[in-house]
Amino acid sequence: MTDFSTVYNRRNTGNIKWGNTPEDTMAMSVAEMEYALPDNVTKRLSERTAWPFYGYDRVPEGLESSIVNHYRERFGVILEPEWVVIITSVMPGLNMACRMAKGKILYNIPMYSHIRVLSQETKIEAIEVPMLVDKDNRYHMNFEEMEKQVTPEVSTFILCNPHNPVGRSYTKEEIEMVAQFCGKHDLLLLSDEIHCELTFDNIHNPCFSISETSREISITFNSAGKILNIPGIPGAIAIIPNKELRERFTEYTAGVFSQPNAFAMEA
């Protein structure tokens, strides 16, 4: 169970979000939740700290199969265990995928801050395309403008689904349009889905599951960091159905990603 009723004062605790926030101000600078860890996660972490060794632990057997089962039960989609690549965190995964693709990066704005600094981190130019807003204040991707902005130098499109900060959980039709756009222009489709279980009515459409096109050209990134509120013990996955793309990614990132630490694997 998770306790949603207790209010914690997290000021002066060394937390980035609350560190310099005045007493009369609500901190909303970063997507970190204000609820405590679920009891079963706290219990597992406590059990792990009781064992006084922090050596080179293996990734638990069956982890990939657990992820496969979770996606089937939660989203009703099928993925194979070999599609799952264990990485340390979503943003380093996006960073390395952009470096691997080498060409310019394209994404929609508004967009959360860390994706907007990928260009600075990777030294790769980014093209930002404003989204459309309809009469109901609902955001939509502007495919007409995306077509105008894409050039042969662009190699990567970044999808954020559910979208941070506008809150859109994209429909299958919208994701298929993104996949068709990327397929048409030979773009690597990177989908950041770290907020995928924080949706109303459990509606989420994993990018890799939408179509044959999306499966072949995409890398889907996910993590329990936002879902369980554990970004401080990072661990993540990259789902890459295309064998050639998966091998290319793992070869390019060889030696970059260590396995998730012992606490991340327990959590």
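# Exercises on a predicted model

Asn 242 caps the N-terminal end of helix H9, with a side-chain oxygen 2.9 Å from the backbone nitrogen of Glu 244. Such a polar contact is a pair of N or O atoms within 3.5 Å; within protein, one must be able to donate a hydrogen and the other to accept it, and residues adjacent in sequence count only if both atoms are side-chain atoms. Helices (H or I, at least four residues) and strands (E, at least two) are DSSP runs, numbered from the N terminus.

This is a predicted model: local features need pLDDT of at least 70, side-chain atom pairs count only at pLDDT 80 or more, and totals for chains, interfaces and linings use all residues. Residues are numbered from 1 along each chain as its sequence is written, and side-chain values use heavy atoms, with hydrogens and water left out.

## Exercise 1. Helix H9

Find which residues of H9 (residues 243-252) are buried, and what they pack against.

Step 1. Apply the cut-offs: buried is under 20% relative accessible area, exposed over 50%, partly exposed in between (1.4 Å probe, protein chains only). Leu 245, Arg 246 and Phe 249 are buried.

Step 2. Look down the axis of H9. Its buried residues fall within an arc of 100°, so they line one face of the helix. The arc is that of the directions from the helix axis to the C-beta atoms.

Step 3. Turn to the face away from the buried side. Lys 243, Glu 244 and Glu 251 are exposed there.

Step 4. List the partners. Among them are strand S1 (84-87), helix H3 (90-101) and strand S7 (188-192).

## Exercise 2. Strand S3

Sort the residues of strand S3 (residues 126-130) by face, and find how S3 pairs with strand S2.

Step 1. Recall the pattern. In a regular strand the side chains alternate between the two faces of the sheet.

Step 2. Sort. Ile 127 and Val 129 make the covered face of S3; Ala 126, Glu 128 and Pro 130 make the uncovered one.

Step 3. Check the pairing. S2 (residues 104-109) and S3 are parallel over 5 bridges. Two strands pair if DSSP finds at least two bridges between them. Ile 109 stands opposite Pro 130 in S3.

## Exercise 3. Aromatic pairs

Count the aromatic pairs and classify Phe 4 with Tyr 35.

Step 1. Use the rule: rings of Phe, Tyr and Trp (its six-membered ring) pair if their centres lie within 6.5 Å; planes under 30 degrees apart count as stacked, over 60 as edge-to-face and the rest as tilted. The count comes to 9 aromatic pairs.

Step 2. Classify. Phe 4 and Tyr 35 lie 5.4 Å apart, centre to centre, with 65° between the planes, an edge-to-face pair.

Step 3. Compare exposure. Phe 4 is exposed, at 66% relative accessible area. Tyr 35 is buried, at 18%.

## Exercise 4. The nonpolar cores

Step 1. Define the core: buried Ala, Val, Leu, Ile, Met, Phe, Trp, Tyr and Cys residues joined through side-chain atoms within 4.5 Å.

Step 2. Take its members. The largest core has 31 residues, and Leu 94 and Phe 249 are among those touching the most other members.

Step 3. Look elsewhere. Another core, of 22 residues, lies apart and includes Val 154 and Phe 157.

Methods:
Contact = heavy atoms within 4.5 Å.
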